[in-house]
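Me: Could you walk me through how the ligand surroundings and the helix packing are read in a model like this one?

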Amino acid sequence: MATAELVAELVRAHTQGDERRWLNLLSQLIAAESRAGHTRQAARLRELLAEARELESSQAKRAATGRPIQLARAPRDLADVLDVRYSDVRLTDLVLSSTLRDSVQRVLDEQRMAGRLIEHGLAPRRRLLLHGPPGCGKTMAAHALAGELALPLARVRLEVLFSRYLGETAATLTDIFDHISRVRAVYLFDEFDALGKHRGDEFDVGEAKRVVGTFLQLLDADDSDSLIVAATNLGGALDHALLRRFDDVLEFPPPTEESIAVLLRRLLRSVPVDDDAVRRLARLARGLSFADVRVAVDSARKAAILSDSEYPSAESIASELSSRVRGDSL
Ligand SMILES: Nc1ncnc2c1ncn2[C@@H]1O[C@H](COP(=O)(O)OP(=O)(O)OP(=O)(O)O)[C@@H](O)[C@H]1O
């Protein structure tokens with residue numbers, strides 16, 4: 001690439017908030033300057049690159065603590081409606097059926113090799129609808145997509161969209177899609193069916209319909225390279241007009257006894273429980289979501305720590321799981 005083109009690309013990558021790309025382009029620019037014998041300019045650029053890398057690594061460290069960060073931040077007028085952060089969740093952190101894992105892996109492969117598909121006039125999958133009961137991994141899967149692709153995860157806070165911008169929801173959605181086209185990220189519309197649902201006392205059928213209509217139009221018109229992930233607890237209830245707007249519809253079913261055992265083995269890795277005990281616990285936990293199982297194990301671990309035991313006993317975990325199966329903790 002000629003120097004001017006490199007600089008133009010670099011500015012574009014920076015404006016889009018694509019940190020990796022602009023750092024990579026800056027390295028290419030340094031190499032080009034060195035090759036041209038511009039040693040002073042190359043040295044100055046190298047200093048800038050070192051500063052930028054240091055900044056990136058300190059931001060990555062802060063991201064690892066789970067706090068929102070400024071990289072690829074939302075513009076000020078969308079700051080309360082977009083929650084932007086980096087994710088360190090990986091696909092292997094999720095317990096998934098092999099079919100579902102393959103589907104998520106296919107999205108990752110198409111994204112990672114998007115250039116090859118685009119050269120052949122094909123578009124990588126990027127509009128995904130995830131559906132299934134609560135606590136089965138839809139939100140976690142969106143985090144895993146962001147973590148695997150090293151993209152920011154921007155959660156669209158629908159509750160804020162509705163409360164703060166009542167009457168202006170459609171206009172704000174337009175602003176969000178504008179941001180989607182400018183900053184490549186994974187955009188999560190969690191519980192996105194809320195778009196068309198009852199909105200408390202101020203329910204207005206016309207407004208709700210308008211919002212859904214706007215969302216669908218914006219989804220159709222969007223030709224960005226961001227990923228748009230809509231998650232919902234509804235499944236069969238979603239209408240066809242909506243389903244066909246997505247490149248992939250992935251079902252996150254309730255866990256089987258076997259998949260609960262897989263999660264339990266992971267969560268109890270450092271706890272001395274044998275496999276028979278894990279299987280007994282998984283049988284007890286039938287009907288619970290992965291999230292319930294996680295909370296029950298965490299609860300038993302906390303009680304163990306507070307009573308100065310090194311590990312929770314299988315009995316205490318069983319008791320936590322049973323109380324959730326009975327619904328005591330609700
Ligand atoms: N498939 C899974 N594998 C491993 N852990 C899981 C899985 N699903 C859920 N969990 C655990 O439960 C927590 C909550 O799950 P998550 O938020 O992804 O559920 P969800 O399907 O998005 O639920 P909701 O519909 O309520 O938003 C996760 O952070 C994780 O600890």
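**Ligand shell and helix packing**

Reply: Of the 18 residues around the ligand, Pro 134, Gly 137, Thr 139, Phe 290 and Ala 291 come nearest, a residue being near a molecule if its C-beta atom, placed from the backbone, lies within 6 Å of it. This is a predicted model, in which local features need pLDDT of at least 70 and side-chain atom pairs count only at pLDDT 80 or more, while totals for chains, interfaces and linings use all residues. Residues are numbered from 1 along each chain as its sequence is written.

Me: Which helices each supply at least two residues of the shell around the ligand?

Reply: Helix H6 (138-149) and helix H13 (290-306) each do so, where helices are DSSP runs (H or I, at least four residues) numbered from the N terminus. Domain 2 (76-251) and domain 3 (257-326) both contribute to this shell, so the ligand lies between them; the domain bounds come from an automatic or database assignment.

Me: How are two packed helices described?

Reply: They are described by the angle between their axes and the distance between the axes. Here the axes of H4 (residues 98-112) and H6 come within 11 Å and cross at roughly 30°, with axes fitted to C-alpha atoms over the stretch in contact and angles running from 0 to 180 degrees between N-to-C directions. H4 and H6 are therefore roughly parallel to each other, the term for angles under 35 degrees. Their contact involves Val 104, Val 107, Leu 108 and Gln 111 of H4 and Ala 141, Leu 145, Glu 148 and Leu 149 of H6, contact meaning C-beta atoms, placed from the backbone, within 7 Å.

Technical notes: Parallel < 35°, antiparallel > 145°, perpendicular 65-115°, else oblique. Contact = placed C-beta atoms within 7 Å.
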